[in-house]
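Here are a few notes to read alongside the model.

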Amino acid sequence: GILRVSATASSLVRTPAFAMALTSPSSIAADAEGLMLLSWNVAGWSATHGLIERHYGSLDAYLERMGSPAFFCAQEVKVQSKDLKNEVVAKKLGAVSQNYRSYWGFNGDGRGFQGVATWVRNDVPVERATQSVFGVPELDQQGRALLTDHGACAVINVYVPFAGSSAEPADLQAKLRFLEALGDAMDKLRSQGKRVVLCGDLNLTHRVQDQKLGRRLLWVDDVGLIERRGCDATPLGPFEDWAGQWQPVKEVSARAGVPMLSLGDQAECIHIRETGCVPWLRSRIMPAGGAAWADVFAEVHPDVEERFTMWNQMANLRYINTGTRIDYVICDRETFQDCLVRCPSSCLAGGRLPAAVAGPAATPSSTTATAEPAAVHPASASAALNAATNFGAWHAAASFGLAQGDGLTLQVDDMKLNDSQFPPRPHNGLVYTPPAYSDHIAVSALFAPSLLGVAPPASAAAPTAVAAAAPDAATKRCRPWLAQPSIASFFGATPRRTAPPGACSDAAAASASELTPPPLAKAQARAGAPAAKAAAPTKRRRK
């Protein structure tokens, strides 16, 4: 079942992956409607939201299918403040909805690149929101970070700059400066006594298993030699043209005539070339289990293989599962120990073909009997490939013939495939969203209600809603449509319903809390605490 990690139960942290995999998903109890965080680089919100609306009717309906996350954090939204200038256009982009309040961070240069947005479920309090996370105007105006303060905890939604293997030194220094300022902001929030959750696209790997073996890097020293570990200590080389450079394992293997597996132990992650960036991340989250901060996925699923969150769509790499894990949920150690709901690796997709995908072909009939695909270990590379491709059902875009140039059009509206993205229950892991939606998939983390500092009340009754204070200037800037009067305001005042705890004062959010039962209130009570088909839109990435 689900195990909550605590300081007094540290022995649970290293449960063997195989033993965890034997736990049947059906035996995993829901954590009383716990607080799920869903984080996703959408590579352009307008196109992704258009597909969500076309396939599921609304963002509210889509997020309900996802398990009604308490927080939905999107990166690389590419939305400008002027795109949300009033309530009408904000509704069209899903910024105004019945069940959530949204907050946005905008790129200040007016070009519409970058940008992040956070949706918060109506029953979750919000004290303030701001994109001034760093206190450094040069960094804050980029729209790459957004802070939502929920009282006892704070969520930072971040989209770290991309550098790449051919980046100029100035770009690498800018990325490192961004990361160091981010670390300072995290530490400052912790010093204020808040639980801190960081999520988003860090554009970094820090473990060798966060990329395929052939893409990992080996260092070639100044005389062209590659040192080797183990019994055979004979260096490879010399490769004078590679001297003083990092080289991929695949290329070294081909040139030196040695198996890639023999080189894996001494290889490094692909981002090690970005001077200072990988050491920065490792200094915060390593060693696993002992550092001040925790990489949630890596610590909950330490032994899984080839679980990636981003693939090069132009090269069709998702369909051979050649990607990287660059999207994270990171929290402070105390929050990891006290609030994280731990799930076994059998929760991860890919171990067994879901019935919704298998369909009649997987059920023996009176005339023919088609065997159901054998289950594979959920921590294995085979399971990861199954998950990335939906057991081979997602097909690569055609690169030749009549369908060349059509991208993912042929499958974009296949609802049987699209519906496979929804996990059977909230969990700590990866959510394999359709390839047409983004070149990234979503990552999720499940927390107990104590994340919000819920204290035991005098009775088990649901907490009484209280009116929220008026949002401050920074919060208003994250919700530009509030600066314009709504259509209803021209026809006189209407009675207001009681606002949910921490809700901002706009009428849409204030009335929404009564439309659906608040999951958090139910959890607190139980815990004893208060379309038509069209071509798929082309998404051009710009980091």
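1. Start with Arg325 and Asp210: in this predicted model, their side chains form a salt bridge, with 3.0 Å from N to O. Arg325 sits in the loop between β14 (323-324) and β15 (327-332), while Asp210 sits in the loop between β9 (195-201) and β10 (217-220), so the pair ties together parts that are 115 residues apart in sequence. Arg325 counts as buried, at 0% relative accessibility, and Asp210 is buried with a relative accessible area of 0%.

2. Asp210 has another partner to look at. Its side chain also meets that of Arg207 in a salt bridge, 2.9 Å from N to O, and Arg207 is buried as well. Bring in Asp295 and you have a network of salt bridges linking Arg207, Asp210, Asp295 and Arg325.

3. Now try Asp241 and Arg255, whose side chains make a salt bridge at 2.9 Å, N to O. Asp241 is in the loop between β10 and β11 (245-248) and Arg255 is in helix α7 (residues 249-256), 14 residues apart. Asp241 counts as partly exposed at 48% relative accessibility, and so does Arg255 at 40%. For the overall tally, the structure holds 19 salt bridges.

Note on methods. Residues are numbered from 1 along each chain as its sequence is written. This is a predicted model: local features need pLDDT of at least 70, side-chain atom pairs count only at pLDDT 80 or more; totals for chains, interfaces and linings use all residues. Side-chain values use heavy atoms; hydrogens and water are left out. A salt bridge is a side-chain nitrogen of Lys or Arg within 4 Å of a carboxyl oxygen of Asp or Glu. Buried means under 20% relative accessible area, exposed over 50%, partly exposed in between (1.4 Å probe, protein chains only). Helices (H or I, at least four residues) and strands (E, at least two) are DSSP runs, numbered from the N terminus.
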